[in-house]
Amino acid sequence: DEISNYLKPHPPHAQYQQISGEYQWLSQPTKWLFNAEPAERAFLSVPTPDGARQTSRDFSNVPHLAGSPADFEQAKAILKIFQENFGVTPTDQLPLFDAGSVSSRQATLSIPTQSSPQAWIDTYYPILNTPLERELQVIGNDGKVIWNADVEEVEVEGDEAGKFAKTIGAWHGLSKAGDVMGKLVYVNYGRKEDFEELATKGVDLKGTIAIARYGGIFRGLKVKGAQEAGAIGCLIYSDPRDDGSVTMENGYKPYPDGPARHPDSVQRGSVQFLSMYPGDPSTPGYPSYPNATRSSSLNIPSIPSLPISWNNAKKLLQEISPSFNFTLDGAMSSTSVRLKNDVDVKVTPIWNTMAVVPGHIPDEVVILGCHRDAWVLGAGDPTSGTTAIVEIAKSVGTLLKKGWKPLRTLVIASWDAEEASASPGLVGSTEFGEDFEDFIREHVVAYLNVDVATKGSKFSLGGSPSLAHLLIQAATDLPHPTDANRTLLDARNDAGKLTGPAGGSHPKKPKRPLGQYDTGVRPLGSGSDYTVFLQRIGVASSDEGFGGTLTDPVYHYHSVYDSHRWQELYTDPGFHRHVAVAKHLGLVTLRMINTPVIPLNTTQYAYELDDYLAKVRNATVTHSIPVDLVPLERSIRSLQRSSVKLDRSRRRALRKLEKALKHLRPSQELFFHAFEMSRCSKRRWSTLRTWIKRVFGVPTTVEAPGHALYDEVSARASIEPYQGAAPDADISKHHKALRRAERALSVIRNLNKKLSSFERGFISKEGIKDREWYRNVVVAPGKWTGYGATTFPALTEAIVVEKNATLAQEEVQRLSTLLRKLSKELNLR
C-alpha cells in the first residue's frame with residue numbers, strides 16, 4: 001500500500017547498508033538549504049590521536065571516586081576546558097552552585113535567553129556509601145576459620161595502576177551492611193529463571209549465601225533475586241567461562257603480561273535495584289538538594305553482598321564439591337561461609353560540570369553528556385567517553401573562533417556519580433533531570449550520550465529509532481578507524497583476533513534478532529545517563545561506543561586494571577577508535593544542532609512499533625495468555641499514517657523555503673525604491689533582520705552572525721543603497737517571496753515542536769507497574785534485566801512476568817489511548 005511503499009524497510013536480518021532513498025534527506029538535511037561541509041570539515045579536523053591519548057592520561061592517572069577530592073578536581077578541570085574552548089572568561093569566584101539555589105536554577109532556566117557561552121558546576125547531595133571492613137571466610141563445622149580470603153585486588157608488576165589496588169576497596173555500591181554466615185549455594189547468573197529452576201527442584205535457599213557469576217543481568221538484580229529467594233547474603237564473581245576464547249586455559253597470559261583476565265581482579269559496582277528507579281535512593285522522583293527530605297530507600301538490598309575475584313570464587317566453589325562442575329542443582333557446601341560487609345553511608349556532595357553554547361534558535365536545546373567519575377582509574381569507563389567529549393569541545397571551540405554559531409543551543413554535561421557508590425545509579429544526570437524536568441520537556445530536542453567509548457573492537461550504536469538514520473548516516477560518512485577501505489559503520493561487524501587453541505573453535509555471542517523495520521540500532525534500556533531523559537521525560541536519546549567481543553582482550557570492568565596502559569596496549573593502540581567516536585558523536589551533534597528541521601525520523605519509530613508488537617504477540621503464544629491486540633495494532637497504524645503526513649508537510653515546507661530564498665536576491669534597486677516609498681514601507685524594510693530573528697527565535701537586541709542558513713536568509717533579504725529605481729512589480733515580488741519564506745519558516749518551527757515532542761507521547765504519568773519512576777511505556781529497562789531494553793514493557797511484563805491476562809488487556813488499552821492521542825497531536829493545524 002501507499003504507506004509501506006513510502007517507508008522502504010530493509011529485509012529481515014539483512015545488514016543495514018544504506019539509508020532508504022525516501023529518508024536520506026532526513027539524515028543529511030543540512031545539504032538542502034546551505035552547504036554545511038566547510039563547518040563539518042573544520043570540525044572533523046580537530047580530534048587527533050595525540051589529543052585523545054593525552055586526555056586519557058590526564059583523567060585516568062588517579063582514582064576519582066564520586067564525591068572524592070580527586071573527583072572535584074576533575075570537575076574543575078573540565079570546567080576549565082569548557083571555559084577555554086567556548087570563550088568563557090573565568091571569574092574570581094568559582095561558579096560552583098548548590099542545587100536548588102537561585103544561581104543554580106538561573107544557570108539552567110536562563111539557557112533559552114543566553115547570548116554568549118556559559119559554564120558552571122552544580123552540586124547535588126545524594127546518599128552514597130564507601131567501603132569499611134569486609135571479610136570473607138570459610139568456617140568449619142567446629143566453628144574455626146579454615147580459610148580467610150583477601151577481598152581486595154592485588155598489586156602486580158607491569159602496570160603502575162596496580163599501586164592503587166587497595167586505594168578504593170572492592171565492594172558493592174549501596175550494598176547492605178551486615179555480618180552473616182550460612183551454607184554456600186551456586187545460582188549460576190542469579191537470573192529470575194535460575195532461581196525459579198532451583199525452586200522447581202525443591203531447593204530451599206533460606207539462610208544460605210548465594211554465589212552468582214557476573215553477566216546476563218544487572219548485578220543488583222542478582223542480589224534482589226537471592227534476597228527474595230530467602231538467601232541471607234550474596235557473592236558475585238567474574239567467571240572466565242564468559243571471557244570467550246581469551247582465557248588462561250587457552251594459553252593466554254593474564255594481564256598485565258597478556259590479554260586474559262587477571263584471576264585476582266574484581267568487578268566493583270552498584271547493587272541498587274536499577275529497574276525500580278535510578279538516582280539518589282533517598283530522593284526518588286525529586287532532586288537531592290542540600291536540605292532535601294529523605295525517604296526510606298526502596299531500591300537497595302536488605303542483605304549484604306560482596307564482589308569477589310575468580311581465584312576466591314574457585315576456592316569457595318570447591319567447598320560445594322572438590323570437582324565442582326557448575327551444575328545448577330542446589331548442592332550446598334559442607335562448610336559454612338561468613339560474609340561481612342561494613343559500609344559508611346552518608347550524604348555526599350557530587351558535581352555536574354555544565355556548559356552552554358547558545359544558538360540562533362535558543363529555545364531548542366541539544367544535550368551532549370558523559371559521566372566523569374570512576375570506580376578506580378576508569379580509563380575505559382568513563383575516561384574514553386570523557387576523551388570524546390573533550391575532543392568535541394575543542395572542535396566546537398575551533399568553529400566558534402571562526403565566527404560560527406549553531407542554529408540550536410548546545411549543552412554539554414560532565415555528569416558525576418554515575419559510577420562509584422551508585423553505579424549505575426546514574427545519580428548526577430538523574431538528579432538534574434528530576435530538578436529540571438519541566439525545562440527538559442519544553443526545550444530539549446535530543447540527548448546524545450557516550451559512556452565507555454572504547455573497550456573492544458566492535459562499533460555499536462544504540463538509541464531511539466527516530467535517531468537511527470542520523471546515527472547510521474554519520475557512521476557511513478566517516479572512515480573506519482584502522483581500515484581506509486571501509487567505513488565506521490562497517491566496524492559494527494568487527495571482532496577481535498584472539499581465537500582459541502590451534503584447531504579449536506571459539507564461542508560466538510548470539511546476534512540480536514532484527515525485526516522487519518530494524519535498523520540495527522539497538523533500543524536503550526538503562527545503565528547510563530540517557531535514562532532519565534528517555535525513560536522518564538521522553539527525549540530522543542542515543543548511546544555509542546566500541547564494545548568487546550569474545551575474541552578481544554578481556555576488559556577488566558570496574559577493576560583497578562581498567563587503566564590507560566590497558567587502553568594503549570590492548571584496546572586501542574594508536575587511539576584511533578577514541579578519535580572515531582569523537583568524530584562520529586561530534587558529527588551527529590553538529591547535524592542535530594545545525595539543521596533547519598530537527599533530524600528525527602518519527603516514521604521509522606512508528607513502523608518499528610510493528611516489530612515491538614510482534615514480540616508481544618509471540619509472548620502471548622509462548623505463555624498462553626489470551627490478549628486482544630487489535631486495538632493496539634489499529635493505534636499503531638493510525639500513528640504511522642499521521643507520521644507519514646508529517647513527513648510530507650516538512651518536505652513541502654523545506655521546498656517552499658528553498659523556493660522563496662531563490663527569489664530573495666540582494667537588490668540595490670529594490671532598496672532605493674523602497675526607501676523612496678511611504679514611511680510604512682520604509683519601516684517594513686528596516687525590520688527585515690528583526691523579522692528573520694523573530695522567526696528563528698533570536699532576541700532582537702542580539703546580533704547573531706555565524707550560521708549559514710541564518711546568514712543566507714539575512715543576506716537575501718538585505719538591501720543595499722543604490723542610485724536608481726526599481727519597478728513596483730519587483731518590490732511586490734520581493735515582498736511575496738519574503739512572506740512565503742516567513743510562512744515556510746513558521747511551519748518548520750511548528751514541525752520541530754511536533755518532532756521534539758514525539759517521544760513525550762510515550763510517557764504515561766502512572767508509570768510502569770511496581771516501578772512507577774519509569775514512565776515510558778514503549779521502551780524501558782527490563783524488570784529483571786536492568787541493562788537490557790524491554791519494548792512495550794508494562795504490557796510485556798503483564799504477560800511474561802505477571803502472567804495476568806486482565807492486566808495485559810488494561811495495558812493494551814493504555815498504550816492504544818496514548819498512541820491515538822499522539823497521532824492527533826502530530827497533525828499540523
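**Figure 1. The largest cavity of the predicted model.** The largest cavity has a volume of about 90 Å³ in this predicted model. Cavities of 30 Å³ or more number 9 in the structure. The lining of the largest cavity includes Ile768, Lys769, Asp770 and Lys783, together with Pro793, Ala794, Glu797, Ala798, Val801, Glu802, Leu807 and Glu811.

Figure 2. About 370 Å³ of space lies in the second largest pocket. Its lining consists of 16 residues, and Arg760, Gly761, Ile763, Lys765 and Lys821 lie nearest the centre of the pocket. At least two lining residues come from each of α13 (437-443), α15 (531-537) and α26 (805-825). Helix α26 gives the most to this lining, with 4 residues. Of the lining residues, 9 are charged, 4 are nonpolar and 3 are polar.

**Figure 3. The largest nonpolar core and the surroundings of leucine 632.** The largest nonpolar core has 105 residues. Those with the most contacts inside this core are Phe86, Leu609, Leu632, Phe792 and Leu795. Apart from this core lies another, of 45 residues, which includes Ile350, Val427, Val444 and Tyr774. In soluble globular proteins, nonpolar side chains tend to be buried together. Which residues surround leucine 632, leaving aside its neighbours within four places in sequence? Leucine 632 is in contact with Leu613, Phe792, Leu795, Val812, Leu815, Ser816 and Leu819, when neighbours within four places in sequence are left aside.

**Figure 4. Strand β11 and its pairing with β3 and β6.** Strand β3 (residues 127-139) pairs with strand β11 (residues 332-347) in the antiparallel sense, over 11 bridges. Within this pairing, proline 131 has valine 343 of β11 as its bridge partner. Strand β6 (residues 178-186) also pairs with β11 in the antiparallel sense, over 7 bridges. Here the bridge partner of aspartate 179 is lysine 340 in β11. In a regular strand the side chains alternate between the two faces of the sheet.

**Figure 5. Serine 466 in its loop.** Serine 466 is placed in the loop between strand β16 (458-463) and helix α14 (468-476). Is serine 466 buried or exposed? The relative accessible area of serine 466 is 2%, under the 20% limit, and therefore this residue counts as buried. Leaving aside neighbours within four places in sequence, serine 466 is in contact with Ala540, Pro599, Leu600, Asn601, Tyr605 and Glu759. Serine 542 is 76 residues from serine 466 in sequence, and the two are 9.8 Å apart in space, C-alpha to C-alpha.

**Figure 6. The protein chain as a whole, for orientation.** The protein chain has 26 helices and 19 strands. Of its 829 residues, 63% are buried. Among contacts in the chain with a separation of 6 or more, 81% are accounted for by residues 24 or more positions apart.

Definitions and conventions: Residues numbered from 1 in each chain as written. Predicted model: local features only at pLDDT ≥ 70, side-chain atom pairs only at ≥ 80, totals over all residues. Heavy atoms only, no water. Core = buried A, V, L, I, M, F, W, Y, C linked by side-chain atoms within 4.5 Å. Buried < 20%, exposed > 50% of the residue type's maximum accessible area, 1.4 Å probe, protein only. Contact = heavy atoms within 4.5 Å. Pairing = 2+ DSSP bridges. 1 Å grid on protein atoms, 1.4 Å probe; cavity = no way out; pocket = protein on both sides within 12 Å on 5 of 7 lines; lining within 4 Å. Points joined across faces, edges and corners; volume = space filled by probe spheres on them. Nonpolar A, V, L, I, M, F, W, Y, C, P; charged D, E, K, R; others polar.
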